[in-house]
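Colleague: Let us go through this model together. I will ask and you answer.

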Amino acid sequence: MLKDNLIILRNLHGFSQEEIAERVGISRQAYAKWESGATVPDIVKCSALAEAYGVSIDSLMKTEKAEGVGIVPPSPKGKHIWGSVTVGDRGQIVIPKEARDKFSISGGTRLIVLGEEGEGIALIPAELFEEHIKKIMESAYTQSEG
């Protein structure tokens with residue numbers, strides 16, 4: 001719900017109600033009413049809020065829940081949270097359909113598994129990863145010649 005997202009996002013960004021109200025061009029009291037659910041912002045103010053928090057208007061309006069976590073903050077533009085998956089006995093996972101659709105992943109798609117100790121793993125399309133590595137190698141080769 002919008003009011004929950006406003007509270008979460010404001011706290012994540014470390015803003016006071018007064019600071020975010022100033023960014024949006026309203027009074028602190030008006031913003032407080034949005035957080036309490038007493039009133040809701042118009043579309044122009046929603047757009048300003050979404051921009052201030054770096055999220056889409058759509059994600060600002062929806063409350064997302066993740067299994068085992070509860071309510072999660074709206075994802076920044078271009079980033080997504082699709083919930084959790086369970087690793088099978090042989091290490092297999094099922095990527096949520098929404099993620100497969102968004103990134104055109106189907107049977108036979110090659111993915112690179114990357115990881116950072118203490119942080120987790122990420123899946124990247126193999127072609128994209130290979131393209132990045134090729135650019136890095138070309139840049140390194142060009143710099144070593146100069």
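Colleague: How much space lies in the largest pocket?

Modeller: This is a predicted model, in which local features need pLDDT of at least 70 and side-chain atom pairs pLDDT 80 or more, while totals for chains, interfaces and linings use all residues. Residues are numbered from 1 along each chain, and side-chain values use heavy atoms, without hydrogens or water. A pocket is an open set of points on a 1 Å grid where a 1.4 Å probe fits, with protein on both sides within 12 Å along at least five of seven lines. Counting the space filled by probe spheres on the joined points, the largest pocket holds about 500 Å³.

Colleague: Which residues lie closest to its centre?

Modeller: The lining of the largest pocket, residues with an atom within 4 Å of a point, numbers 16. Closest to the centre are Trp82, Ile95, Ile121, Ala122 and Leu123.

Colleague: Which strand gives the most to that lining?

Modeller: Strands here are DSSP E runs of at least two residues, and helices are H or I runs of at least four. By class, the lining of the largest pocket has 14 nonpolar, two polar and no charged residues. Five lining residues come from the top contributor, strand S4.

Colleague: Where does S4 sit relative to S3, and which residue of S4 does Leu114 face?

Modeller: Strand S3 (residues 111-116) runs antiparallel to S4, joined by six bridges; pairing needs at least two. The two form a hairpin with three residues between them, and Gly118 in the turn has a positive phi of about 80°.

Colleague: What is the class make-up of the second largest pocket's lining?

Modeller: About 270 Å³ lies in the second largest pocket. Its 15 lining residues include Ser59, Glu64, Ser75, Lys79 and His80, the closest to the centre. By class, the lining has five nonpolar, five polar and five charged residues.

Colleague: How are H2 and H3 oriented to each other?

Modeller: The axes, lines fitted to C-alpha atoms over the stretch in contact, come within 8 Å and cross at roughly 105°. Since 65 to 115 degrees counts as such, H2 is therefore, relative to H3, roughly perpendicular.

Notes. Nonpolar A, V, L, I, M, F, W, Y, C, P; charged D, E, K, R; others polar. Axes fitted to C-alpha atoms, helices over the stretch in contact; angles between N-to-C directions. Parallel < 35°, antiparallel > 145°, perpendicular 65-115°, else oblique.
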